[in-house]
Amino acid sequence: MSGDSFDFTSLLPAGLPPPAQRWTGRPKYDFTGGNNDADSLPLEGLMAAADAVLRREGRTLATYGLNSGPQGYRPLREFLAAKLKADAGIACAADDILITSGSLQALDLVNGTLLERGDTVILEEDCYQGSINRLTRLGVTPVGIPLDRDGMRVDALAAALDDLKRRSIRPKYIYTIPTVQNPTGTVLPVERRREMLALSAAHGVPIFEDDCYCDLIWSGSRPPAIYALGEQGGVIHIGSFSKSIAPALRVGYIVAPWNVMSRLLPLKTDAGSGALEQMVLAEYCAGNFSRHVPMLRKSLRAKLVTLMESLKEHFGDAAEFDDPKGGIFLWVKLPDGVDAMKLFLPARAAGVVINPGPEWSVNKARSRSRMRLCFASLSHEEIHQGVAALAEVCRREFGVPA
Ligand SMILES: Cc1ncc(COP(=O)(O)O)c(C=O)c1O
């Protein structure tokens, strides 16, 4: 029996997203998504950690939330509190942290706490698709702020806040990915972080800081988090283990003061995120995180160099990009005649999958001929071959590269 004979269509509520397509496997050259480098996974370390932590305290799995309460496994929160202090300058305690099922759940919880249909939020013009799509689905208006090589332009932010104020609109938050931005790979300098905080305080608009890629900054030394610089509060900070360890683990976190945390917690109705992942991560990270991440960065940086060289070789001057300050993506500008949305299908038919720019931007016109390429999960050889195949399709469809 197929199980498809009952017609659910008339029962579906209005406003559902379009139906999903069945998964048909990964394409040969997959430059999409935020997948990580399989060769850099610390598998031996994770296995040893799983063995040690389960032998020591596996019996706590019999209790919802282990013995740590609704905010997540306490040793993981303690690891994070120490790491956030050392790396990002955030002075928080384990009780200021909520472990979530990936930072996507963190986005949902913060949005669920603050947003309602008809609201306005501010965000970087080119931005994470998962954040843009959530706003669209919630009926929230995104106001995009252009970026330059140093991330969000705070002069443009000030102008947008003034303009909204003139129209009696108070945005619900300023969403930013300040440390290795997705997709541009920019890092917001500390002075701009302070200016953003001053604007946030002057307009009474909180900052929602998404630090998903902060560990992958090539220099190894990141600016202080906006959360750390905000003396008046008014900042919510989220992060993830997806990019520093592995995305399939689905472990992220929120740092927030209690007046926000106490409103987020009732919305986390899944009775806690997966306990095994939290236990294994805490056990592994305590002794190994600071050794693992530089090795991962080195391997990612080498793949980025291969990607940039391959683009130069196969696209020549037709592919323009800035060398990102870290991360797993390259944000590429093709000549104006190329419509990245129209490049997608023929490229996929040739086994190459890309993220077209307009899906990663609120400025559809300006991002029309852009694409985002993830370089983390392909081998060096696959990156090279994939770019060659993409150039061939692009030449056939748009006459570019000449
Ligand atoms: C900026 C940003 N935030 C959040 C996420 C969600 O990541 P995860 O749910 O795996 O932690 C991603 C994933 O790519 C991202 O790029």
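Lys-268 is buried, with a relative accessible area of 10%; buried means under 20% relative accessible area, exposed over 50% and partly exposed in between, with a 1.4 Å probe and protein chains only. This is a predicted model, in which local features need pLDDT of at least 70 and side-chain atom pairs count only at pLDDT 80 or more, while totals for chains, interfaces and linings use all residues. Residues are numbered from 1 along each chain as its sequence is written, and side-chain values use heavy atoms, with hydrogens and water left out.

Lys-268 is placed in the loop between α8 (258-264) and α9; helices (H or I, at least four residues) and strands (E, at least two) are DSSP runs, numbered from the N terminus. Leaving aside neighbours within four places in sequence, Lys-268 is in contact with Leu-98, Ile-99, Thr-100, Ser-101, Gln-105, Leu-109 and Ser-273, where contact means heavy atoms within 4.5 Å. Leu-98 is 170 residues from Lys-268 along the chain, and their C-alpha atoms are separated by 9.8 Å. The side chains of Lys-268 and Ser-273 are joined by a polar contact of 2.9 Å. A polar contact is a pair of N or O atoms within 3.5 Å; within protein, one must be able to donate a hydrogen and the other to accept it, and residues adjacent in sequence count only if both atoms are side-chain atoms.

Ser-200, in helix α6, counts as buried because its relative accessibility is 8%. A polar atom of the Ser-200 side chain lies 2.8 Å from the backbone oxygen of Val-205. Leaving aside neighbours within four places in sequence, the contacts of Ser-200 are Ile-174, Val-205, Pro-206 and Ile-207.

Ile-174 also belongs to the largest nonpolar core, which has 50 residues; those with the most contacts inside it are Leu-76, Ile-97, Leu-157, Ile-174, Met-196 and Phe-241. A nonpolar core is a set of buried Ala, Val, Leu, Ile, Met, Phe, Trp, Tyr and Cys residues joined through side-chain atoms within 4.5 Å. Helix α9 gives the most to this core, with eight residues. Apart from it lies another core, of 42 residues, among them Leu-216, Ala-347, Ile-383 and Ala-389.

The structure holds two cavities of 30 Å³ or more. On a 1 Å grid over the protein atoms alone, a cavity is a set of points where a 1.4 Å probe fits but cannot get out, and lining residues have an atom within 4 Å of a point. The largest cavity has a volume of about 50 Å³, and its lining comprises Leu-107, Asn-111, Ser-131, Arg-134, Leu-135, Tyr-173, Tyr-175 and Phe-208.

| Site | Feature | Value |
|---|---|---|
| Val-400 to Pro-401 | cis peptide bond | omega about 0° |
| Leu-66 | positive phi | phi near 55° |
| Arg-250 | positive phi | phi about 60° |

Most residues other than glycine have a negative phi, and most peptide bonds are trans. Leu-66, in the loop between α1 and α2, counts as buried at 5% relative accessibility. Arg-250, in the loop between β9 (235-240) and β10, counts as partly exposed at 32%.

How values were computed:
1 Å grid on protein atoms, 1.4 Å probe; cavity = no way out; pocket = protein on both sides within 12 Å on 5 of 7 lines; lining within 4 Å. Points joined across faces, edges and corners; volume = space filled by probe spheres on them.
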